[in-house]
Amino acid sequence: MTNGVAPIQGLSGLATKLAIFAMAIGSFGIGTGEFAIMGLLPNLAGDLGVTEPEAGHVISAYALGVVVGAPLIAVLFARVPRKPLLLALMALFALGNVGSAMAPDYWSLVLLRFVSGLPHGAYFGIAALIAASMVDVGYRARAVGRVMLGLTLATLIGMPLATWLGQGLGWRPTFFAVGGIGALAVLMVMRFVPAIKAAEGASPLRELGALKRPQVWLTLGIAATGCGGMFSVFTYIVPLLTEVTGIPTIWVPVVLALFGVGMTLGNILGAYMADRALMKTIGGMLAFNIVSLAAVPWLALTWPTAALSVLGVGFTVAIGTALQTRLMDVAADGQTLAATLNHAAFNIANALGALFGGMAIAAGLGWSSTGPVGAVMAVVGLLLFFVSVWLERRDSGWTPDAVPAE
């Protein structure tokens, strides 16, 4: 029994599929809302009478909401049963996006994007814990991966559709549409996700206890550094393809679709590998990240190899589910806080990747320098991984793929 729900043997049960699908709809809505605005900044800036850099602050406000909301919600609402909390988080996301669509001016939009970002990390963390609690320990990563599949599909399907809608009808209908997806997720979660109690004895202080564990910090550090390379490249991918590879602008969306394909494949295969060998998957994917990112300057020189590079950089997201599962193993009684902080760490990776990549470009190293910059970040993540392995072996006689008892 896990939190009052008997885990099933695998992922084939209809009830489990429907519950995970319901939560994945929420993931899809969150991913679409987060990424779609990037393609609509010129429309938004023109409508609100601000510059594009100023319009970019609405993206920063959302990211700040994620970083602030994830730990705050996890700690303050530690005693709240997980299903009602998940419903409240998705309702807040839906209302935040509807409010964004109705924002009368620039500053109210910035505030509403901050509010919309507050439930992001907590939603993913709690949805991951619910999904993992519904299956046997050997299927946890795949259950979590299917919830996160909504996020990766948002980059492949949701973002292009939302951008197309925004370019045709304006940015406000896009936020209304995202709010509608959030409302649908609320109904689906209400209907199909089982009631799961908060952990016995849960409290804000117990959740904060996770922060006393070095392995929690190391895992979050791996996410914040080892995953930053993907964002370093993706932030500047369009000028890389047009200026270095020489791909005509009209073909860029086709090549970018490969990034979404890579993310989707990485999510599926990464979750499968993590269930088979969790720590080897984390270490192996960090090594893959280093190689794929370091090769960007050479692969970007021709169309076919550039397409392969975009696919490979997208695949690096495979480490995400493995890190989420790792946090379940090392957080002990602070599961909710640790799980939600994982997504705050990914937003830090996003910010650091864009920052360091931009610094390299500003220094005159060229658009393709974002790849080696990302590779250096992945090296830092790999070093933190080795420290984590060394500490665990020293403290508990741990073996690489031992699974903690339930």
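This is a predicted model: local features need pLDDT of at least 70, side-chain atom pairs count only at pLDDT 80 or more; totals for chains, interfaces and linings use all residues.
**Ground rules.** I number residues from 1 along each chain as its sequence is written.

**Entry 1: overall make-up.** I began with secondary structure and found 19 helices and 0 strands in the protein. Next I looked up burial: 57% of the 406 residues count as buried. Buried here is under 20% relative accessible area, exposed is over 50%, and partly exposed is in between, with a 1.4 Å probe and protein chains only. The accessible surface comes to about 16,500 Å², and carbon and sulfur atoms hold 73% of that; the areas come from the Shrake-Rupley method with a 1.4 Å probe, and for residues only the protein chains shown count as cover. I also checked contacts (heavy atoms within 4.5 Å). Of those with a separation of 6 or more, 83% join residues 24 or more positions apart.

**Entry 2: the cores.** Which residues have the most contacts inside the largest nonpolar core? I noted Leu-241, Ile-282, Leu-323 and Phe-385, in a core of 54 residues. A nonpolar core is a set of buried Ala, Val, Leu, Ile, Met, Phe, Trp, Tyr and Cys residues joined through side-chain atoms within 4.5 Å. A second, separate core has 44 residues, including Ile-30, Leu-129, Ala-132 and Ala-143. Back at Leu-323, I set aside neighbours within four places in sequence and found contacts that include Thr-219, Ile-222, Cys-227, Ile-282 and Phe-346.

**Entry 3: helix 6 with helix 18.** The axes of helix 6 (residues 106-133) and helix 18 (residues 335-362) come within 8 Å and cross at roughly 130°. Axes are lines fitted to C-alpha atoms, for helices over the stretch in contact, and angles run from 0 to 180 degrees between N-to-C directions. The two helices are therefore oblique to each other, the class left over after under 35 degrees (roughly parallel), over 145 (roughly antiparallel) and 65 to 115 (roughly perpendicular). Among the residues that meet, I listed His-120, Phe-124 and Leu-129 from helix 6, and Gln-335, His-343 and Asn-347 from helix 18.

**Entry 4: helix 7 with helix 8.** Helix 7 (residues 140-169) packs on helix 8 (residues 171-192) at about 140°, with axes 6 Å apart. This pair is therefore oblique too. Ala-162, Leu-165, Gly-166 and Leu-169 of helix 7 make the contact with Trp-171, Pro-173, Thr-174 and Ala-177 of helix 8.

Entry 5: Is Thr-370 buried or exposed? Thr-370 counts as buried because its relative accessibility is 0%. Thr-370 lies in helix 19 (residues 370-396), and beyond four places in sequence it touches Ser-232, Val-233, Tyr-236, Gly-357 and Ile-361.

Leu-286, in helix 14 (residues 278-294), is also buried, at 0% relative accessible area. Its contacts beyond four places in sequence include Ile-222, Ile-319, Leu-382 and Phe-385.

Last, I visited Ala-277, in the loop between helix 13 (252-276) and helix 14. Ala-277 counts as buried at 16% relative accessibility. Its C-alpha atom is 9.9 Å from that of Gly-138, 139 residues apart along the chain.

Key. Side-chain values use heavy atoms; hydrogens and water are left out. Helices (H or I, at least four residues) and strands (E, at least two) are DSSP runs, numbered from the N terminus.
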